[in-house]
Amino acid sequence: MKKNILKNGFYTVALATTLSFTACTGDLDVTPIDPNLDLPENMLTSPEAFNQLLAKCYSALSVSSPDGESGDPDIKSIDGGFGQYLRALFNLEELPTDEVVMGWNDQTIKDLHGLCWSTNDVFVTAAYARLFYQISICNEVIRRIDESSFADDAKMQQYRAEARALRALSYYHAIDMFGNVPFTDENSKVGGANPEQIKRADLFNWLVTELEDITKILPADPEKYRAGKGLAYMLLAKLYLNAEVYTGTANYAKCAEYCQDIINLGYTLESADDYYKMFCADNDQMLGLGHEIIFSVYQDHIYTQAYGGTTYIINAACGGKADPAADFGLGGNGWGGIRLTPEFVNKFDAAKDQRAKFYTNGQTKDIADLSTFENGYAFKKFTNLKANGLMIDGANSFPDTDFPMFRLADVYLMLAECQIVGGVNVNVNGHDGLWFLNQIRTRAGIDALVAASSNDVIDERGRELAWECHRRSDLVRFGMLTTKKYIWAYKGMNSNNGSPKAVDSKFNLYPIPSSDIMANSNLKQNDGY
């Protein structure tokens, strides 16, 4: 049975703003810090207390508030729903692509899949704010550890490495989406001068050095939901996969090296029969060595009640004639918002590919009216049903389905890209890049290829990793997000009028929000904005 890992004890500590740190357990079995003791000096009296402090770095990926879905969000003036980490990430990594259209009229939401956002877009600002809030939390945890009398304790050094890994995760999302960003670390003075802006290539180099160092400290087989070597190697592989985008110089060979490091740790591709167990209410059973999920974000229908994460993904996919309980495992009604473009649906061999899990009853494949949920197929990849197809006890609108941030399937597909696109002579345990590509294809039920092109690689990445927050980054790397090389429904549009089209290349990056540009004279806006 899935453990409840979030509890409600918290304390506050002075940063540039006041941050609430919520105690979280995992297989992190810890007791909440007493909220009546509000001074860090009174609470941080043992390594165990620092474990509780570190817990906020994890819980902030799951929730927007330490007080549940109705509590005040961590970041003032940012909506606690679309400002939640995973929801903000999904909006910026998926909505501008062929994998998702959104039918809602929430503020500027349609500008995302129209690729026509501005520097004051509320969804862009929410994602940016959440990333740097998370980085600030991790910085403070590292700072507190360094200042403690237990700093040299082996457990404390592991906690420090975990905080550094989670900080690197957010900086990876920042370098990918925003490019040149403000930079702070544990050595930055709290409440001091505005942070300097770091160039994208310099942040890349910093991240590589940082991650290579913490791989020496992180455990190979971490407790569930905690950062281990697999997360660090995965971030290194993703950085090198996108090295040409981030630095101007491709380095697929290093990407392949780190992919091999991940495989050698002992993660295993799930069988075809177990595939959808990775996207259901008890998918924590698919996490860790011997399984496919390398790192996931915890979700629980009681302890992570927030309008983001898989709550957002599953509820927003449920609408029309779908039965919320039978089809999605929800105890409440769906929200009816996100669907697939017809171009993305056409990438699947629906007769063979088990990943073509479309909900078509009452739905049209083509989208005549963006605001009509029944226009566009719904997608049943993520559900709140258990692996046996039954609902969880006490099911409500908040799923137990963890979000798989990184899976071994991505590693296999990166190895394929390293060879087929990057020209690397891949040889991992006697297997080449095409073999790894075909492992993903044949598991899904489609035919193996005797030769593969770059189009085969990007299409397979789309089919396998759909809605897992990789698509925008992938399309940028393949030169397909903004160009006429690939056009899909509503690309470059923000209404039902006109035709989909290529857009300005500036939309390969998001802008630094205008509010931060005005507040920090050290920042320069991304080109074109």
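Predicted model: local features only at pLDDT ≥ 70, side-chain atom pairs only at ≥ 80, totals over all residues.

Biologist: What makes H2 and H6 roughly parallel?

Modeller: Angles under 35 degrees count as roughly parallel. The pair sits at about 10°, so H2 and H6 get that label. On the H2 side the meeting residues are Pro47, Phe50, Asn51, Leu54, Cys57 and Tyr58, and on the H6 side they are Met156, Tyr159, Glu162, Ala163 and Leu166.

Biologist: And why is H14 called roughly antiparallel to H16?

Modeller: Helix H14 (residues 408–420) and helix H16 (residues 454–465) have axes that cross at roughly 170° and come within 10 Å. The cut-off for roughly antiparallel is over 145 degrees, so H14 is roughly antiparallel to H16. Among the residues that meet there are Leu413, Met414 and Glu417 from H14, and Val457, Arg461 and Leu465 from H16.

Biologist: What's the overall make-up, in helices and strands?

Modeller: The protein has 18 helices and ten strands. Of its 529 residues, 61% are buried. Among contacts with a separation of 6 or more, 67% are between residues 24 or more positions apart.

Biologist: How do you know that helix H3 is largely enclosed?

Modeller: Count the residues under 20% relative accessible area, the cut-off for buried. In H3 (residues 85–94) ten of the ten qualify, so the helix is largely enclosed by the rest of the structure. The buried set includes Arg87, Asn91, Glu93 and Glu94, along with Leu86, Leu89 and Phe90. At the start of H3, a side-chain oxygen of Gln84 comes to within 3.0 Å of the backbone nitrogen of Leu86.

Biologist: Which strand does E6 pair with, and what makes them a pair?

Modeller: Strand E10 (residues 403–407). At least two bridges are needed for a pair, and four bridges join E6 to E10, running antiparallel. Ser296 stands opposite Pro404 in E10. As for cover, five of the five residues in E6 (residues 293–297) are buried.

Biologist: Which residues have the most contacts inside the largest nonpolar core?

Modeller: Phe178 and Trp467, in a core of 157 residues. Helix H5 (residues 122–147) gives the most to this core, with 14 residues. Apart from it lies another core, of six residues, including Ile367, Leu370, Tyr490 and Met493. Going back to Trp467, its contacts beyond four places in sequence include Phe90, Glu94, Ile313, Leu340, Phe382 and Phe403.

Biologist: Why is Gln363 called buried?

Modeller: Its relative accessible area is 8%, and the cut-off is under 20%, so Gln363 counts as buried. Gln363 is in the loop between strand E8 (358–359) and strand E9 (378–379). Its side chain reaches the backbone oxygen of Glu374 at 3.4 Å. What makes that a polar contact is the limit for such a pair, within 3.5 Å. Gln363 also touches Gly320, Phe373 and Tyr377, among others.

Biologist: Where is Leu481, and is it buried or exposed?

Modeller: Leu481 is in the loop between helix H17 (471–477) and helix H18 (514–519). At a relative accessible area of 0%, Leu481 is buried. Its contacts include Pro96, Leu115, Trp488 and Phe507. Leu481 and Leu115 are 366 residues apart along the chain, yet their C-alpha atoms are separated by 9.1 Å.

Biologist: What makes the phi of Leu115 worth a remark?

Modeller: Most residues other than glycine have a negative phi. Leu115 is not a glycine, but its phi is positive, at about 50°. Leu115 lies in the loop between helix H4 (109–113) and H5, and counts as buried at 1% relative accessibility. Tyr490 also has a positive phi, near 75°, without being glycine. Tyr490 is in the loop between H17 and H18, and its 5% relative accessible area makes it buried.

Key:
Residues numbered from 1 in each chain as written. Heavy atoms only, no water. Buried < 20%, exposed > 50% of the residue type's maximum accessible area, 1.4 Å probe, protein only. Helix = DSSP H or I, 4+ residues; strand = E, 2+ residues; numbered from the N terminus. Core = buried A, V, L, I, M, F, W, Y, C linked by side-chain atoms within 4.5 Å. Contact = heavy atoms within 4.5 Å. Polar contact = N/O pair within 3.5 Å; in protein donor to acceptor, adjacent residues only side chain to side chain. Axes fitted to C-alpha atoms, helices over the stretch in contact; angles between N-to-C directions. Parallel < 35°, antiparallel > 145°, perpendicular 65-115°, else oblique.
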